[in-house]
Amino acid sequence: MNGTLDPANPITITFYSYSLSYPTMKPGMERLISDFNETVGKEKGVIVEGVEDGTFTKYQTDIAAGESVNIIQHAFSLLDVSKENIGINAYEDLFPADELSEHLSHMYENAVDLGKIDGKTYALAFTFSTPILYINGALFEQAGLDPTDPPTTWEEVADYAQQIYDKTGIPGFGLAPDNGWTTEGLFFSNGAEILNDDKSEAVFASEEGIEAIEMWQDLYQSGAHALGSDKEMGDQFMSGNIGMQLQSTSMLSGYKQGAAAGGWELYGAAMPQYGDKPSVPVNSGSALAVRAASANEALAIWEFIKYATGPEGYTIITSEIGYLPLNKEIADDANYLKGFVDENPIIATNLEQLTGLQPVTIWPAENAVELRQIFSDAIAQAATTTDDVGTILTDAQDKMNELLP
C-alpha cells in the first residue's frame with residue numbers, strides 16, 4: 001500500500017449506514033462519525049461522510065450507478081453476495097498486514113471469524129449483539145412476579161407471559177415473526193441446524209427444529225403473545241405495553257428512555273433455553289465491508305475502521321446505542337466502559353452470551369436472497385398460524401434445497 005494522506009488536502013470517503021436511519025441509533029452513529037472527523041480525521045486528512053441506508057439497498061444502487069461507496073455497514077447474512085457481486089475487498093488484500101494483525105488481536109476472535117469467507121476477512125464485525133430478554137419491571141410486579149428472578153426456560157417464559165396477561169390484560173411476551181436473526185437461535189438452542197456444514201443442504205425441518213418452532217407457535221397462539229412487526233413490538237415494549245421482549249441490545253438506549261418516560265424499571269436476562277439444553281444465541285448487527293478504488297482511499301478507510309472498532313469507537317457505540325464492545329479490554333477499563341457496564345448489567349449479560357454464540361447464517365451467494373426469503377416466510381407462517389409446523393418447515397426446506405448448489 002503506497003498511498004499517502006495529506007491533512008492539507010483531506011480525502012472524503014463514504015460510510016453507508018443503516019443505523020443512521022433508526023432514531024434510537026442515529027445520534028450515536030452521528031457522534032461516532034463527527035468525533036472521528038474532528039480528531040483522527042483532521043489529523044490524518046480524512047473526512048467521513050455518512051449516508052443513510054435503512055433498506056440495505058442504497059449502497060447497491062449507488063454502486064451500480066458508479067457512485068463512490070467505500071464502507072458499508074453490512075448484514076452478515078448476505079455477505080457472500082457482496083463478495084461475488086459488488087467487489088468488496090478482503091481486509092488482507094487492502095490493509096497493512098502488521099497493523100491488521102495488531103488491531104484484530106484486541107477483538108473477540110469468534111466475532112472476527114463471522115466476517116471471514118474462504119479464510120479472508122471480507123467484513124469486520126462492528127455493531128453486534130446477542131438476544132436479550134428485556135423485562136418491564138412494573139408489569140412483572142403487577143403480576144406478582146419478581147423481575148430480578150427472570151424466567152430461564154421457554155416453558156417459564158410461557159407461564160410468566162400468561163400470568164402477566166391474566167393479571168394486567170397486557171401481552172406478557174413478544175418476539176416478532178419478521179425479526180429474522182433471533183429465530184435462528186431458537187433452532188440452534190434446541191439442537192437443530194439451518195444448513196449443513198458445506199451449505200449444500202437445508203436441514204432445519206428436523207425433529208428438533210420442528211419442536212423449537214412448535215413451542216413458539218403455542219406461545220404465539222396463547223393470547224399472551226404480542227402481535228405486530230418487529231418495529232411495532234419495539235414501540236409497544238418501549239411504551240410499556242409488553243411484559244417481556246426478546247430483542248437486540250441495539251434497542252437498549254431507546255428502551256431505557258421509554259422506561260424513564262413511563263416510570264417503570266427496565267431489566268434484562270439471558271436468552272431462554274429449552275429445558276436443560278444451554279441456549280445458543282446468534283449475533284445480530286453488522287460488519288464493515290470495504291471498497292477502495294485507490295491506495296489513498298484504502299489508507300483513509302483503514303483510519304476510520306481502526307477508530308470505529310477501537311476503544312474510542314466502541315465506547316460511543318456501546319454507551320450511546322447499546323451494541324457490544326468487541327474490543328476485549330475496554331469493558332473493564334475505567335477510561336472507557338467500566339462505569340457504563342457496571343451501571344447497565346444487560347451489557348454484561350450480552351458479553352457473557354458471546355461464549356456460547358453460533359454465527360447467524362451466511363446464505364450462499366447464488367440465490368441467497370430467495371433462500372433467506374423462503375426461510376423467513378416459513379417461520380412467520382409457522383408462528384402466526386395454527387397450520388402444521390412440520391409441514392410448513394418441510395415444504396420450505398424442500399424449496400430451498402432445489403435452489404442450493
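Reader: Which residue stands opposite I11 in β2?
Author: V46 stands opposite I11. The model is predicted: local features need pLDDT of at least 70, side-chain atom pairs count only at pLDDT 80 or more, and totals for chains, interfaces and linings use all residues. Residues are numbered from 1 along each chain as its sequence is written, and side-chain values use heavy atoms, without hydrogens and water.

Reader: Why is β3 called largely enclosed?
Author: Buried means under 20% relative accessible area, exposed over 50%, partly exposed in between (1.4 Å probe, protein chains only). In β3 (residues 71–75), 5 of the 5 residues are buried, so the rest of the structure largely encloses the strand. I71, Q73 and A75 point one way, I72 and H74 the other, and all are buried. β3 also pairs with β11 (residues 284–290), antiparallel, over 5 bridges. There I71 has V290 as its partner.

Reader: Why is T183 called buried?
Author: Its relative accessible area is 2%. The limit is under 20%, so T183 qualifies. T183 lies in helix α9 (residues 181–189). Beyond four places in sequence, T183 is in contact (heavy atoms within 4.5 Å) with W216 and I379.

Reader: What makes I374 partly exposed?
Author: The value is 21%. That falls between 20% and 50%, so I374 is partly exposed. I374 sits in helix α17 (residues 368–384). Residues up to four places away aside, I374 touches A396, K399, M400 and L403.

Reader: What makes β8 and β10 edge strands?
Author: The open sheet has 4 strands, ordered β8-β9-β7-β10, with mixed pairing. β8 (173–174) and β10 (266–269) each have a single partner strand, so one side of each lacks a neighbour in the sheet. β8 pairs with β9 (residues 244–248) in the parallel sense, over 2 bridges. G174 stands opposite Q245 in β9.

Reader: Which residues touch the most other members of the largest nonpolar core?
Author: F128, F173, F204, M244 and L393, out of 141 residues. Helix α13 (residues 295–308) gives the most to this core, 8 residues. Such a core is a set of buried Ala, Val, Leu, Ile, Met, Phe, Trp, Tyr and Cys residues joined through side-chain atoms within 4.5 Å. F128's contacts beyond four places in sequence include F76, L114, Y323 and L357.

Reader: What lines the second largest pocket, by class?
Author: The lining has 11 nonpolar, 4 polar and 7 charged residues. Ala, Val, Leu, Ile, Met, Phe, Trp, Tyr, Cys and Pro count as nonpolar, Asp, Glu, Lys and Arg as charged, the others, Gly among them, as polar.

Definitions and conventions: Two strands pair if DSSP finds at least two bridges between them.
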